[in-house]
Amino acid sequence: MNNILEAQMLSKSFFSKTVLRNLNLQVREGSILGLLGPNGSGKTTFLKIAAGLLQPTSGKLLIGGHTPGVVTKSMVAYMPDKNYLFNWMKISDAIQFYADFYTDFDKEKMGELLDFMNLNPDLKVAALSKGMTEKLNLALILARKARLMILDEPLGGVDPSARQKILDAIVNNFSEDRTIIITTHLVRDIESLFDDVAFIADGQILLQGNAEELRYEKGKSIEEIFCELYR
Ligand SMILES: Nc1ncnc2c1ncn2[C@@H]1O[C@H](COP(=O)(O)OP(=O)(O)OP(=O)(O)O)[C@@H](O)[C@H]1O
């Protein structure tokens with residue numbers, strides 16, 4: 001299986017603060033990778049470099065063999081950990097915005113996802129709760145036919161009953177020509193989704209592997225391995 005993403009000796013500093021330190025990571029095409037780590041360990045910084053929003057200080061990160069930029073824009077769908085939709089928009093405006101901006105955006109699929117998430121297109125973005133906003137942002141990402149989906153904390157604001165719905169939406173929209181990278185602190189809720197996991201600490205990968213093999217080798221769940229690593 002090919003790697004859709006490869007990071008080699010990737011480093012990122014903000015002025016004197018080093019956030020990523022010679023990080024190496026491969027992500028297999030067609031897999032769901034959980035990128036796990038404590039607050040401030042560098043997950044969002046890594047994802048922003050993959051999404052082309054930040055430049056590395058040194059080292060490289062390639063997506064499908066390309067440096068993040070114009071070519072990878074059509075390959076990568078990025079759901080940030082904050083909402084960037086404008087408050088004046090209705091959901092229907094946000095949909096049109098995505099349809100205009102991304103040629104791979106599938107409006108019909110978006111309609112199905114809105115129904116599934118119980119979101120009315122006439123609602124204003126400003127009137128949405130945190131969880132509803134996350135559902136909308138996730139639906140906008142899942143409606144793209146991107147090869148690599150990057151989801152930064154997709155379940156942060158949703159209540160436990162809606163979490164399963166969101167996980168179902170992710171699974172139902174996954175196919176082998178897609179790859180997903182997910183960060184989350186809700187490891188127990190989401191670990192069943194992971195094919196592979198990478199644990200990050202202080203800007204470096206501490207442990208990486210197949211989720212099932214790691215569970216078997218250590219006789220522990222991914223959440224228990226997380227707690228053991230970051231004790
Ligand atoms: N623009 C910036 N300028 C200065 N420091 C930054 C900047 N962005 C991130 N950092 C710092 O980099 C470190 C890693 O942040 P990052 O957001 O990547 O962590 P994270 O693992 O995603 O954390 P969390 O789980 O809390 O979301 C933090 O100490 C943060 O303060």
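Leu10 stands opposite Leu23 in strand 2. Strands here are DSSP runs of E with at least two residues, helices are runs of H or I with at least four, and both are numbered from the N terminus. The model is predicted: local features need pLDDT of at least 70, side-chain atom pairs count only at pLDDT 80 or more, and totals for chains, interfaces and linings use all residues. Residues are numbered from 1 along each chain as its sequence is written.

**The sheet**
- Strand 1 (residues 3-14) and strand 2 pair in the antiparallel sense over 8 bridges; two strands pair if DSSP finds at least two bridges between them.
- Ala7 stands opposite Leu25 in strand 2.
- In the hairpin of strand 1 and strand 2, 2 residues lie between the strands, and Phe15 takes a positive phi near 55°.
- The open sheet has 3 strands in the order 2-1-4, with antiparallel pairing.
- Its edge strands, strand 2 (17-28) and strand 4 (58-63), each pair on one side only.

**The helix on the sheet**
- Helix 1 (residues 43-50) packs on the sheet and touches strand 1, strand 2 and strand 4. Contact means C-beta atoms, placed from the backbone, within 7 Å.
- The direction of helix 1 makes about 65° with that of strand 2. Axes are lines fitted to C-alpha atoms, for helices over the stretch in contact, and angles run from 0 to 180 degrees between N-to-C directions.

**Around the ligand**
- The residues surrounding the ligand include Phe14, Lys17, Gly40 and Thr45; each such residue has its C-beta atom, placed from the backbone, within 6 Å of the ligand.
- Helix 1 gives the most to this shell, with 3 residues.

Methods:
Contact = placed C-beta atoms within 7 Å.
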